[in-house]
Amino acid sequence: MNKEIQQLIANNLSRRSFLQKATLGIGAVALGSLISGQTRSSLSNGKTIINPSGILGAPDIPARTKRVVYLFQSGGPSQFETFEYKPLLEKMHGQDLPDSVRKGQRLTGMSAQQSALPLVGSSFKFEQRGKSGAWISELMPYTGGVADDLCFIKSMYTEQINHDPALTFMQTGNQLPGRPSMGSWINYGLGSDNENLPAFIVLVSNNAPQDQPLYARLWGNGFLPSKYQGVQFRSGADPVLYLTDPEGYKAVDRREMLDALKELNQAQLETFGDPEINNRISQYEMAFRMQASVPEITDMSGEPDWVFDMYGPDSRIPGTYAANCLLARRLLEKDVKFVQIYHQGWDQHGTLPALLPKQCKATDQASAALVKDLKQRGLLDDTLVVWGGEFGRTNYSQGKLTKTDYGRDHHPRCFTMWMAGGGIQPGLTFGETDEFGYNIVKNPVHVHDFQATLLYLMGIDHEKLSFDAEGRRYRHTDVAG
Amino acid sequence: MHTDWSLFFGRFHPLVVHIPIGIILFAALLNVIETYKKSPLLSAAINIALIASFVSAALAVISGLLISSGGGYNNDTLFWHKWIGISVAVLIFIVWLIRRNKKADVHFLKMSLSSWLLYASIILISIGGHLGGNMTHGEGYLTRYMPGFLKSIFSSKAKPQHQKIIPPLDSVVVFTDIIQPIFNAKCVSCHNPDKLKGELDLTSIETIMKGGKSGNTIVAGDLDKSELFHRITLSPESSKYMPADNRPALTPIEIGFIKRWIENGADYKKNITTLETDGKTKYLIASYLGIDAENNLEIKLPDVPPADSVVIRQLKEMKIVVRSVTSKSNLIDVSFVMVQKASASQISSIIEKLSAIKQQLYRLDVNNCNLTSEEIKIISGFNRLNKLEIQKNNLADESIEPLSALQQLTILNAGQNNLTDKSIATFKKISSLKKINLWQTQVTEQGSKDLQSQLKGIDIDR
């Protein structure tokens, strides 16, 4: 039977794979040297690398953090109503944005046609919080409570002015789709620690307005082998479907089935040599292990009431931002390397004073609780928490400015993020914008800088982690740095 | 840019030099054949090969002399390479002469003189060629990827690698640690006591102060009058631009350092702390010298021999996460995250197993593993530990007492255990401790204050 299958496969050998095989055969020697070239940095110094599950084997530099949880606030949260206190805007409320500040910067089509660009101050009060004295708005009371554990970056800037390219840029280092996501790069570089769970897990809030799209390619593997892509847990009571075996079907049966399937796949692999087959095999194996590990993780019944109270009432409803934060903590506790949480709905072009409080209310308490919870469990030492969106918002109102209402347009020139935990200096505010909150005046941080920093904290030199695709080597930060 | 004909032809040296090598080797081969099978045709062919190799060798010598005039090579190596090359050319010519005059071709030890000389020239070519290779590709080019067993044979030759010694930022002397190394890297290949281009020698303080032909090489505090600064900031197209001959230019940072040094009086003794430097300059200097700017953010790892790979494999089979701390160290990070549900006997056998790699064990995560005082006793023998996580193990004060033996521990996560203020005495003894987690223990405010009074600056999470 095996022979028949092989014959069948051989008959179907495509032109493409023939060419691939032929060239691969010729280039095998060269390839061999390429592969050893990739790990040369780890081998040449004569040290024994112990965990070769990632391409790097071990971090280039001592890692300051082992895990990352990225709380992505998708849509571009307004910095002016959250962390960026600009009293001048309140003073100049309603006056036109001076040209000397704007310096002819391009605006989106949404506000470029406006006859006036009236500056608008925050309609929410600010207060200094913690020993560090960080200015935080009344919309973020809980985040204010952990201000001393956070490091605010006020001077983030990006090159993209619209959601999808900016999101893609933030996640992959390029504005066009097709590159691997941050979590995929890390997974590819360092591999997974806990083999029973995927190294890169994605959680999307179900309690957020879905105003702007969120594509699965944002956590995709791009040109990397597919086993490095983010695994999305569904936002519901059953985060991973079909994990339970049907009645009368035992784990041994499943094992037997998978073993047989593996044999078939192996036969394919031998004939075609397509590395994607290997990835498929490893994904089946991962799914099998997840049958045991995931139910244990997602079963929240062991969590005491005070934990739910800490994350807020939403945390009892699966799939909400708060529940996802709690789930993230449970995943991080099990050494999952990269957890990415998305919460949409931060795109307040209009009716900002009415809409933004809802966004903050849905996320503020749980974000802060996550930091606190990681800290008390001693995990914050080597876990990096990142909070932020894809760009900032304008200091002028989009649409009509009334006494109670205004909106803000996209603003890539500056925005605020915060980070906490592994390797981050707590209580620090990095970078500064001008009094108008329009331009950066001190320590600008480009998206690539942020990505390089994140990799650095994980122990990766961003210039060393690369992948050969489409005829050249690619990095997460591409040619920057 | 002006054309430097001598360098233009000189650069063909690496190309030309291979022509005589090939022909001489072939001539030698024919010569070997000739000893077994005499033939007038063969003999004529050898003579042709010899004269051809002489002509090409002469060309190689000329181009070699031209390229060496550009400077920038190790003088010792160059000396031997040059004279070996010339002697090969001469030798080949002599061989040719002798072969033409049969009477001169006397026999020693059953071999003709011409054969002796020809084979000797091949040995010379091997040595000279190797020296040439060292000059173009760098020393150790051949041996870098040599398999270990061969390396051990050649190990006596292996030179200890030069390691840059990095001084602490505060003790950096501006001239000695920053300026002189820049000169050494970019200028002294021409401006040294041997070459003295422009009568300038930049290898020592005295000669720098003396200056070159114009005398005003460096004028303290005056950039405009300092010829050196003027030359390195000219447009690269200018014939006066330095470094000349397309040698690697000074980087903007290096130029910046020289600028500040001259502006500040071109002092040769001044320490960096006496200079008025802003944060950015300090950072630049630090990163230029390879010192982490926020001094000591650099994590220094102890050097240890590699761990026993058999033990590592066994641990991995037992579902223990084992990781290298970095690719440049043999230290190991171990986590029990996948075996938290394992039986007490399993856990304790794994911990016993860890003793075999205790030299390498740098971080250990045994959270939530139902540890008992027995296991803690074993763990307290892992004296290399830098970080230990024993959260959620129901440990009591008495059980953790042995941990005071861990004198290199900086982070201890001991939360969710039955610990009270009695444990403070244990923690106090761990003098290296920088951070401790005591969440959900019965340690009181008073207790943590007590600990802080002993271990200054310790970070306590409660």
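1. On one side of helix 3 of chain B, B:H18, B:G22, B:L29, B:V32 and B:Y36 are exposed. Helices (H or I, at least four residues) and strands (E, at least two) are DSSP runs numbered from the N terminus.

2. This is a predicted model: local features need pLDDT of at least 70, side-chain atom pairs count only at pLDDT 80 or more, and totals for chains, interfaces and linings use all residues. Residues are numbered from 1 along each chain as its sequence is written, while chains are lettered from A and ligands numbered from 1 in the order written.

3. B:P20, B:I23, B:I24, B:A27 and B:N31 are the buried residues of helix 3 of chain B. They sit on the same side of that helix, because their arc around the axis is only 100°. The arc is taken from the directions from the helix axis to the C-beta atoms.

4. The buried residues of helix 3 pack against helix 4 (40-69), helix 5 and helix 6 of chain B. Contact means C-beta atoms, placed from the backbone, within 7 Å.

5. Helix 6 of chain B (residues 113-137) has 25 residues and reaches 36 Å between its first and last C-alpha, close to the 36 Å expected at 1.5 Å a residue. The expected span is 1.5 Å times one less than the number of residues. B:G138 follows, with a positive phi near 95°.

6. Buried residues of helix 6 of chain B include B:L118, B:I125 and B:L131. Their cover includes helix 3 (18-36), helix 5 (75-100) and strand 2 (111-112) of chain B.

Notes: A residue is buried if 20 or more other C-beta atoms lie within 10 Å of its own, exposed if 12 or fewer, and partly exposed in between; C-beta atoms are placed from the backbone. Two residues are in contact if their C-beta atoms, placed from the backbone, lie within 7 Å.
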